[in-house]
Amino acid sequence: MDLEREGRGLLHVQGLVKDYDGRRVVEGVSFALQPGTVTAFLGPNGAGKSTTLRMICGLTRPTAGTATIAGRRFADWPNPGHVAGVLLDAAAVHPGRTGRHHLVNGAKLMRLPSSRADQVLAQVGLSDAANRRIGKYSLGMRQRLGLAHALLADPPVLILDEPINGLDPEGIRSTRQLLRGYAQRGGTVLLSSHVLSEVDQTADRIVMIGHGRVVADGPLASFAGPARTVVRTNDVPKLGAALQRAGLDVRQTGPDALSVAAPTERVSDIAFAAQVRVLGLAEEQQNLEELFFRLTGGPR
């Protein structure tokens with residue numbers, strides 16, 4: 001198939017709806033993904049994330065709406081694994097098989113050479129465990145095996161449900177690098193995650209869902225709010241008063257620290273003009289968790 005002609009790497013979700021026993025769990029979810037991007041699909045438990053991903057992959061029939069990958073429903077492609085690599089449940093593997101055996105079987109189904117199994121095992125850092133039975137794998141190792149399976153055909157799209165669940169810090173870092181590299185080569189990544197600090201470092205864009213509806217969609221920076229600066233000083237009252245006279249929102253966050261709603265350059269200029277000694281000056285890290293709760297109505 002000529003994926004370039006049919007819209008390589010594009011994933012379109014339009015008006016997806018899902019009802020279970022008269023209860024609507026997904027309502028009108030729509031978004032479109034472009035090549036070269038990592039999109040984080042966020043939402044609290046029960047928001048409809050997993051149901052939406054299953055509808056995209058053809059595992060759950062939607063009540064209404066459509067989801068297409070490169071112009072067709074996923075199930076309508078003759079060899080779907082060449083169009084999208086999917087990881088929805090890392091536990092859905094035979095525990096008696098070895099990691100390599102599992103991937104060799106997947107390669108055969110996708111009409112790929114068996115050598116591809118060894119290549120993706122190396123890619124996710126599982127070469128040393130290739131001949132170990134999957135039942136002996138840790139949760140993190142099963143996650144990496146699932147990612148390896150998704151990568152077998154080097155597809156233009158990856159759809160991953162909680163791909164870093166159970167990974168140690170090194171595993172999280174290597175997975176982040178792998179996904180960023182994949183997108184830089186033109187791939188399209190859709191991943192769900194509850195590790196919000198990691199999403200902040202991995203995703204170009206977020207699609208947030210709450211109570212079955214999309215509540216936010218766009219570049220992460222567009223939801224970040226105004227810039228804030230953390231400034232440390234040995235004279236908090238004097239600097240705080242000077243910043244407030246300048247009309248800035250100021251919050252004391254420690255015995256010698258203030259959080260200010262302004263860029264670092266402006267805070268520095270005000271401190272210099274007030275002749276207050278500055279001990280430290282840094283851009284405040286945006287808190288994606290607060291954004292998550294604010295947009296989805298979760299607890300603060």
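First, some ground rules. This is a predicted model, in which local features need pLDDT of at least 70 and side-chain atom pairs count only at pLDDT 80 or more, while totals for chains, interfaces and linings use all residues. Residues are numbered from 1 along each chain as its sequence is written, and side-chain values use heavy atoms, with hydrogens and water left out.

Let's start with helix H2, residues 99-109, and helix H3, residues 115-123. Helices here are DSSP runs of H or I with at least four residues, strands are E runs of at least two, and both are numbered from the N terminus. The H2 and H3 axes come within 8 Å and cross at roughly 125°. That makes H2 oblique to H3. For axes, picture lines fitted to C-alpha atoms over the stretch in contact, with angles from 0 to 180 degrees between N-to-C directions. Under 35 degrees counts as roughly parallel, over 145 as roughly antiparallel, 65 to 115 as roughly perpendicular, and the rest as oblique.

Who touches whom? From H2, Arg 100, Leu 103 and Val 104 meet Ala 117, Asp 118, Val 120 and Leu 121 of H3, where contact means heavy atoms within 4.5 Å. This contact has 5 nonpolar, no polar and 2 charged residues. In these classes, Ala, Val, Leu, Ile, Met, Phe, Trp, Tyr, Cys and Pro are nonpolar, Asp, Glu, Lys and Arg are charged, and the others, Gly among them, are polar.

Now bring in helix H4, residues 139-151, which packs with H2 at about 25°, the axes being 10 Å apart. That makes H2 roughly parallel to H4. Gly 99, His 102, Leu 103 and Gly 106 of H2 meet Leu 145, Ala 148 and His 149 of H4. By class, we get 3 nonpolar, 4 polar and no charged residues there.

To finish the trio, the axes of H3 and H4 come within 9 Å and cross at roughly 130°. That makes H3 oblique to H4. Here Arg 116, Val 120, Leu 121 and Gln 123 in H3 meet Leu 145, Ala 148 and Leu 151 in H4. That contact divides into 5 nonpolar, 1 polar and 1 charged residue.

Finally, the cavity. The largest cavity has a volume of about 90 Å³. What lines the largest cavity? There are 13 lining residues, with Ile 164, Leu 179, Leu 191, Glu 198 and Thr 202 nearest its centre; lining means an atom within 4 Å of a point. Strand E3 (37-42), helix H5 (169-184) and helix H6 (196-202) each give two or more residues to that lining. Its classes are 8 nonpolar, 3 polar and 2 charged residues.

Key: On a 1 Å grid over the protein atoms alone, a cavity is a set of points where a 1.4 Å probe fits but cannot get out, and a pocket is an open set with protein on both sides within 12 Å along at least five of seven lines; lining residues have an atom within 4 Å of a point. Grid points are joined across faces, edges and corners, and a volume is the space filled by probe spheres set on the points.
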